[in-house]
Amino acid sequence: MSAVGYDLKFALETIWKVGLASLALGAGLPVLFAAGIRSLAWGSGGEAEDSHAKPSPIGKVLAAVIFLVVIYAIVSGIVYVIATGKGANYDITFKHLIPEIYKKVN
Amino acid sequence: MIGKIILPAMASPVVAAICAATGTFFIYRVTAGVAKRFLNSGFRWGQIGTATLVSLAHGTNDAQKTMGVITLALLATGHWAKFDGIPFWVKLVCALAIALGTYLGGWRIIRTLGKGLVEIESPQGVAAESSSAAVILASSHFGFALSTTHVATGSILGTGIGKRGAEVRWRVAGRMAAGWLLTLPAAAVVGGAVWFIGRAFGTSGAGSVAGALVEFAILLGLAGYIYLRSRKQAIGAHNVNADWDGDTATAQPQLTTGGVA
């Protein structure tokens, strides 16, 4: 394959990957955050809801869990970018809940 | 060149727009029934997080290009010989210059993007910022160079498309796109002109130093003129959200005649 052809193939494949990752994290996480806000409103009741419904404590617990998941995803995403960036000799594993960085063996 | 710069530059705003539109659409679906005040104050907290992520993403991509160009020049002239490092002063100067530029020009851009292009609310801000951050970070990860500005603009357009009843001012978008197309050849012309002027003073010894100083003085003078011109009708916290004049499609707020601003 010609150099330009290879270049194009690389670009199209990568744009596709960037798009998928962005949809999952860039759209998925804010929607999850929105679910957290929804639960928090449920848990707060009254002024927080258009319907002025009574507060339900489960909502607050659910909101806390969702916000923790969002924070976890963001922090691991940043750690992933730093650990595997161009020029970095590290890799990362999510085997145990907390992301672990290790030196690449060449 | 095509694969790493041109295609990503063209595709990234589109990817960001799709991502932000999807996010916005579902955010408003999920939060249906939540009181507006509660919704906005909750998402304002989210915006602190997403704005931080955009800054990080900006640093992983845009900032590196400035440093790359300076380091390349140092390598070419033999003032730097390491291929796996950038001099510390280059990093410091680039970081300071970018921060200063944001400080000086930020409000005008905030107004154009957040008020002119689409009148955004906090939930849309979160959707736009998180999709920008995701697109830029993912692209940096694969070594794509792109423009944070293009991605952020695509994201904000997307949030306008994704929210029912939101208005996207396509004339503003058109003006911005025209600006982007102009900046590439304009930068080439200015770069070439300054090079010729500098070279006229000589290529070695005292002449080359004088040439560099003259080049610097010209650029400083032009930058100063642009700054002073923008100060004539300054945009700041007091008028950044003033009503947008739909006819002119410029960031200029209405002169305060009727207390609109």
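Into which domains is chain B divided? In this predicted model, chain B consists of domain 1, covering 2-168, and domain 2, covering 182-253. The legends below take up the two chains, their contact and several local features.

**View 1. The two domains of chain B.** Domain 1 of chain B (2-168) and domain 2 of chain B (182-253) are shown together, with their C-alpha centres lying 23 Å apart. Where the two domains touch, 8 residues of domain 1 of chain B are in contact with 8 residues of domain 2 of chain B. On the domain 1 side of this contact, the residues divide into 3 nonpolar, 2 polar and 3 charged.

**View 2. Chain B as a helical chain.** Chain B has 7 helices and 0 strands, so that, read along the sequence, its pattern is α-α-α-α-α-α-α. The C-alpha atoms of chain B fill a box of roughly 70 × 50 × 30 Å when taken along the principal axes. Of the 261 residues in chain B, 31% count as buried. Among the contacts in chain B between residues at least 6 apart in sequence, 74% join residues at least 24 apart.

View 3. Along its principal axes, the C-alpha trace of chain A spans about 65 × 30 × 15 Å. Buried residues make up 24% of the 106 residues in chain A. Of the contacts in chain A with a separation of 6 or more, 23% are between residues 24 or more positions apart.

**View 4. The contact between chain A and chain B.** This contact takes 36 residues from chain A and 38 residues from chain B. On the side of chain B that touches chain A, the elements giving two or more residues are α1, α2 and α4 of chain B, and the largest share, 12 residues, comes from α1(B). The residues on this side of chain B divide into 24 nonpolar and 14 polar, with no charged residues among them.

**View 5. The largest nonpolar core, with members from both chains.** This core has 55 residues, of which A:I37, B:V15, B:C19, B:A134, B:V135 and B:I156 touch the most other members. The elements that give two or more residues to the core are α1 (3-44) of chain A and, from chain B, α1 (2-30), α2 (36-76), α3 (88-117), α4 (122-141) and α5 (148-162). The largest share of the core, 15 residues, comes from α1(A).

**View 6. The surroundings of B:I156.** When residues up to four places away in sequence are not counted, B:I156 touches B:L113, B:L117, B:V118, B:I120 and B:A128. B:I156 is also one of the residues that touch the most other members of the largest nonpolar core.

View 7. A:L12 lies in helix α1 of chain A, where it is partly exposed, with 13 other C-beta atoms within 10 Å. A:L12 and A:I74 are 62 residues apart in sequence, and their C-alpha atoms are 26 Å apart in space.

**View 8. A:H52 in the loop between two helices.** A:H52 is placed in the loop between α1 and α2 (57-84) of chain A. Although A:H52 is not a glycine, it has a positive phi of about 55 degrees. A:H52 is exposed, because 10 other C-beta atoms lie within 10 Å and a residue with 12 or fewer counts as exposed.

**View 9. The strand pair of chain A.** Strand β1 (residues 90-93) of chain A and strand β2 (residues 100-103) of chain A run antiparallel and are joined by 4 bridges. A hairpin connects β1(A) to β2(A) through 6 residues. Within this pair, A:T93 stands opposite A:E100 in β2(A).

Technical notes: Residues are numbered from 1 along each chain as its sequence is written. Chains are lettered from A and ligands numbered from 1 in the order in which they are written. This is a predicted model: local features need pLDDT of at least 70, side-chain atom pairs count only at pLDDT 80 or more; totals for chains, interfaces and linings use all residues. Domain bounds come from an automatic or database domain assignment. Two residues are in contact if their C-beta atoms, placed from the backbone, lie within 7 Å. Ala, Val, Leu, Ile, Met, Phe, Trp, Tyr, Cys and Pro count as nonpolar, Asp, Glu, Lys and Arg as charged, and the others, Gly among them, as polar. A nonpolar core is a set of buried Ala, Val, Leu, Ile, Met, Phe, Trp, Tyr and Cys residues joined through C-beta atoms within 7 Å. A residue is buried if 20 or more other C-beta atoms lie within 10 Å of its own, exposed if 12 or fewer, and partly exposed in between; C-beta atoms are placed from the backbone. Two strands pair if DSSP finds at least two bridges between them.
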